[in-house]
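Have the viewer open as you read.

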Amino acid sequence: MKPRVLVLTGYGINCDYETEFAFQFAGAWARRVHLNDIIDSRVRLEDFQILAIPGGFSFGDDIASGKVLANKLKYNLALELQRFIGDGKLIIGICNGFQAMVRLGLIPAFEGDYGAQVTTLTFNDSGRFEARWVYLKVNQDSSCIFTQGIERIYLPVRNGEGKFIPRDESVCQRLWHNGHVVLQYVDAQGSLAHYPWNPGGSVDNIAGICDETGRIFGLMPHPEAFIFRTNHPRWTRENLVQGEGLAVFRNAVQWVKDNF
Amino acid sequence: MAHRIEVGFKENMVDALGVSVRKRIIEDLNIPVTDVETIDVYTIDAQLSPEQLKMLGQNLFADPITQVFTCDKPQARGFSWLIEVGFRPGVTDNVGKTSTEAIEDMLKIKVGTVYTSRQYLITGDVSREQVEKIASGLLANQLIERWEIRSIEEWDEERGMDVVLPKVELEHEPQVLEIDLDIGDEELVRLSKERLLVLSLEEMKAIRDYFYASEVVKGREKVGLSSRPTDVELEAIAQTWSEHCKHKIFNALIEYQENEKTIKIDSLFESYIKRSTEEIGREWLVSVFKDNAGVIKFNPDWNVVMKVETHNTPSALDPYAGALTGIVGVNRDPLGTGRGAKLIFNTDVFCFADPYYHEELPPGLLHPKRIFEGVRRGVEHGGNKSGVPTINGSIVFDNRFLGKPLVYCGTCAIMPAKLLGEASHLKKIESGHLAVMCGGRIGKDGIHGATFSSEELHQASPAAAVQIGDPITQKKMSDFLLEARDLGLYQTLTDNGAGGLSSSVGEMAQLSGGCEIFLDRCPLKYEGLDPWEILLSESQERMTLIVPPEKMDDFLTLAKRRGVEAAAVGKFTDSGKFHVFYDDKTVAYMDMNFFHNPPQMKLRAKWRPPEHELPHFEEPEDLTAILKRVLSRLNVCSKEYVVRQYDHEVQGGSVVKPLVGKGNDGPSDAAVIRPLLDSNEGVVAAHGICPKYGDIDTYHMTACAIDEAVRNAISVGASLAHLAGLDNFCWCDPVQSEKNPDGEYKLAQLVRANQALYDYTTAFGVPCISGKDSMKNDYLGDGIKISIPPTILFSVIGKIEDVEKAVTMDAKNAGDMVYVLGITRDELGGSEYYAEHGFVGNNIPKVDEQAIRMYQSLTEAIGQGLIASCHDCSDGGLAVALAETAFAGGLGMNIDLAQTPTDGIKRNDTILFSESQSRFVVTVSPQNKKSFEQIMKGHVFASIGHVTGDEDFVIQGLNRKVVIRANICELKDAWQKTLSW
């Protein structure tokens, strides 16, 4: 049976179609579901093995990006989410979805506390929305399921609040120590570098983190926007086989097949 | 009582907004501030306990990592000056709206409105006068915002700012007035002016004649109305008959005089634009000039829909709100076409004055840099927040755009060719169907927008015409509508734009033959609106749905589940009447025929070709320096600063991006996207715009714009057989009057533009499917008149069968051959090169209708994969196209100018910078040389050099001497630096 993916939509989420497509292309059965249909129990989260919170501008980024969506989940679906995580299922949050997960405390979730915010995503140092492609290095010490077998990946970022900040030095150390850090922005040669390589000015160039189990993953760049080789900004001049983002979704689908 | 929650950044955190505001104060206003910090203020109109406030601060308003909050206690300390900026009453406050929703979701109680404002804490040795300038010149727009200033001496750390609740409170009992039209001509004219009707004497007389006709009087008696029209009727007519809605100039009877010969033109639109499309008549034309947007076939199962609009006047008054409303407004056109379509991309083209303009500004006008930044940010928010990629655009500079900036916004959408078994592009309405208003509520915003954009900008232009779009309300609504569409919950739909309900229901009523509208059933933002205001309001984010009564319950249920407001406000009839009620009383009752048919305007046009001074200068010694100067010119330089702030990738179908090449920073000619992720078929979007040639002749200007659009589309691989056009005219007032003494000439310019549009669209086989005009782009203030240069934007939308065959403009490999396709003539008139020398000239580029044959061959060569790169030659001519191809590819070039096909040009600079049309720079790998040349046989083209592996860009001149030698990085730097803010 194909793994079932719930792709969240509504309230200004806007990468839902391509996220649904990416999962389908990777071999899953994916369905876009409006947040209210989960809150109204028309659709049950427990019927799915993967939850995707796509990118977009939920609630217009008003107050802070992802904040109001996070609250909507927290005050309406906290139990369902805890159960979903407790059942050993997968969650991926991309861009605005990552912002919401961080504010909700779904990641890094130290000590399995999936409700405490210890990191944040805030305004890019440039003060601007940044639409550009970035090179990413995968932390090989991370247990993230979505990035297994990937060392480097090239993806677009498109955000105004993509600067990752841990609460303090101890949180930062712990992120590294326990393998929460999944992705870092690097330059074309693979070395840590400043703007524009690290477009928001993230601490330690962090672009994506996961929980301790590696099942709950959030990242600012958009893997669903690099499914085809023709998405690459230089596909007409470089020999490419397929989109690098696809591997992220294939990993998730394969893991569910192996574990459920 | 109301509470204030203030949110600021922690000491050690970067306040990115503060940093960028500081930079702009220093750079744009030249005021030496040392530091700027910001504090966000949420004023909550509700009774809340300290615990509740604390919870909101902690869990909603402040980020626990980066921010600190205070409740009912000011935070500001240690500044020199504090400016607090908030909205004026009635202005859309999107963040406030979201805050209300979020608080109610958290506390599970109803709260009143939340109002947002922001404090700017400025440190530095600056005077109050300078602080005033910062507030009015950068941070706030007095039309929609209020501000207060405190010096540190005036600051009370305990009390802080007063609590301000910008509530709309209208102590007004709604009323309907009757208006006596049995008055003299002068009084009719005055009435039109006083009520902002913008109707001519002839139109006022036509209205009077209608209402006083005996059969009309009799009919009105029956519904309880007198022979005097109500204000509801008069306002509705004025709006429906506005230039904006009825395009009276494009439909006028024109006497056009040229060389003592006079011809009569009965409607420019019918004679040139529509006729061209009818004569071209492609099988893939699905719905043209009928609906809110044009529809063409994409493949057997899908159609694409496109519309381009302008939003110039609102953008002049408040650039951010104007442009934001422009983009979300044009989004509703394809959304409201046929049975509704899903948006797939936006385009944007702006025309501004020099952002470095440093002379004194006429009263009431904003500085061009402020306009630029505001418009850029408006389109950024409108596009990005809606999840629609902005994939193609331009910025054109000319100081006459001080008078009015032009903001063109385009949107393309896709819809299934059939929905539940029926053609999706058709609109059918039956008597008895309900009119349902959906999305936002009605307020006073945007009243008179349609009539107001039909006159010139002046110092007293009303602020009510400025609205702030709300992309999220609209996104929620459009998600809902697509869902309802697929479930068949409504019949059809249309956009509520200019003219509000009067226009949307009134126009749809033509399909059934009449309508009834019940104004007291419309959801309002606040009480106190007169009936005519409810009917005419242009409050944003609203669509009008046509719902069969039996579907109404299901429709409303789904709307509720999606958090979208909807209410039945009327029904369609076959009575032949536009019938409006308020509190069960008839307030408007007019024949549909009269309501939709204003009298035809009669105008005169006279063409006299202008004579510009003949440019006289020797060929410059240092052409390398000249090339760099041309590359740095505003109309040529890189627009990456803007592009990087627009999401051009969302929806996952990006194929050819606005920036391409080795460093992802070369200038793409056109965009390609894959709208259906499971197919390799692509949509191509491109455009042409060149107002600079209009100073010589708008006929050739239009030909050049069409050619440029087609060239751009072909450059990336669009199929010529499947290319449709959209025409957007922005003109200065072409109606002769006392205050507009050269109206006849401007109208002649318009006639000539239309003639060229007909000639070249038919020659190229590119039919127009939709268009729009904006005819009053002038400024009048303190005796100063600024008219924009007549400008036509020609957008094209096309298809590429296989996106894998698309080509980009960057040179690919060392050793590739460099070709120029097309002939170079001495056509420097209106060029960037002449402008750099301070001339206009007269030798304007002319387009050869036969160019289409070469385009077909080029398309074939691209389809066969023979082309490594293809770049069109436009602003700055061959030299710029070659340089861009080289530096975008990160490769050098060796060019022999003597090989360029010309009509006998003797000067290097003329060959390098002439802007002759229908030319391309193409690179081809040596192995494809033979096949490529075989295909191009019979056309004018030549190999003029090759791509090199080093970084040297070298051009050898006619006399065999090197005339240009530069490192490509230097050239790129010259091209990038102008707008690298």
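## Cis prolines in chain A

A:P196 sits in the loop between β9 (181-186) and β10 (206-210) of chain A; strands here are DSSP runs (E, at least two residues), helices likewise (H or I, at least four), numbered from the N terminus. The peptide bond leading from A:Y195 into A:P196 is cis, with omega near 0°. There's another cis bond from A:I107 to A:P108, with omega near -5°, and A:P108 belongs to the loop between α4 (96-104) and β5 (119-122) of chain A.

This is a predicted model, so local features need pLDDT of at least 70 and side-chain atom pairs pLDDT 80 or more, while totals for chains, interfaces and linings use all residues. Residues are numbered from 1 along each chain as written, chains are lettered from A and ligands numbered from 1 in written order, and side-chain values use heavy atoms, leaving out hydrogens and water.

## Positive phi in chain B

Most residues other than glycine have a negative phi, and most peptide bonds are trans. B:S267 has phi near 80° and is found in the loop between β8 (261-266) and α10 (268-280) of chain B. B:S267 is buried at 4% relative accessible area (buried is under 20%, exposed over 50%, partly exposed in between, with a 1.4 Å probe and protein chains only).

B:D583, with phi near 50°, lies in the loop between β22 (577-582) and β23 (585-591) of chain B. B:D583 is partly exposed, at 49%.

## Helices α5 and α6 of chain B

How do α5(B) and α6(B) pack, and at what angle? Helix α5 (residues 185-194) and helix α6 (residues 201-212) cross at about 100°, axes 9 Å apart, so they are roughly perpendicular (65 to 115 degrees).

B:L188, B:L191 and B:S192 are buried in α5(B). They span an arc of only 100° around the axis, and therefore lie on the same side of α5(B). On the other side, B:E186, B:K193 and B:E194 are exposed. After α5(B) comes B:L196, with a positive phi near 60°.

## Where chains A and B meet

In all, 66 residues of chain B contact 59 of chain A. About 5,300 Å² is buried between the chains, with carbon and sulfur atoms giving 53%; buried area is the accessible area (1.4 Å probe) lost on being put together, summed over both parts. B:I65, B:R561 and B:R644 lose the most area in chain B, together 12% of what that side buries.

How values were computed: Axes are lines fitted to C-alpha atoms, for helices over the stretch in contact, and angles run from 0 to 180 degrees between N-to-C directions. Angles under 35 degrees count as roughly parallel, over 145 as roughly antiparallel, 65 to 115 as roughly perpendicular and the rest as oblique. The arc is that of the directions from the helix axis to the C-beta atoms. Contact means heavy atoms within 4.5 Å. Buried area is the accessible area (1.4 Å probe) that two parts lose on being put together, summed over both.
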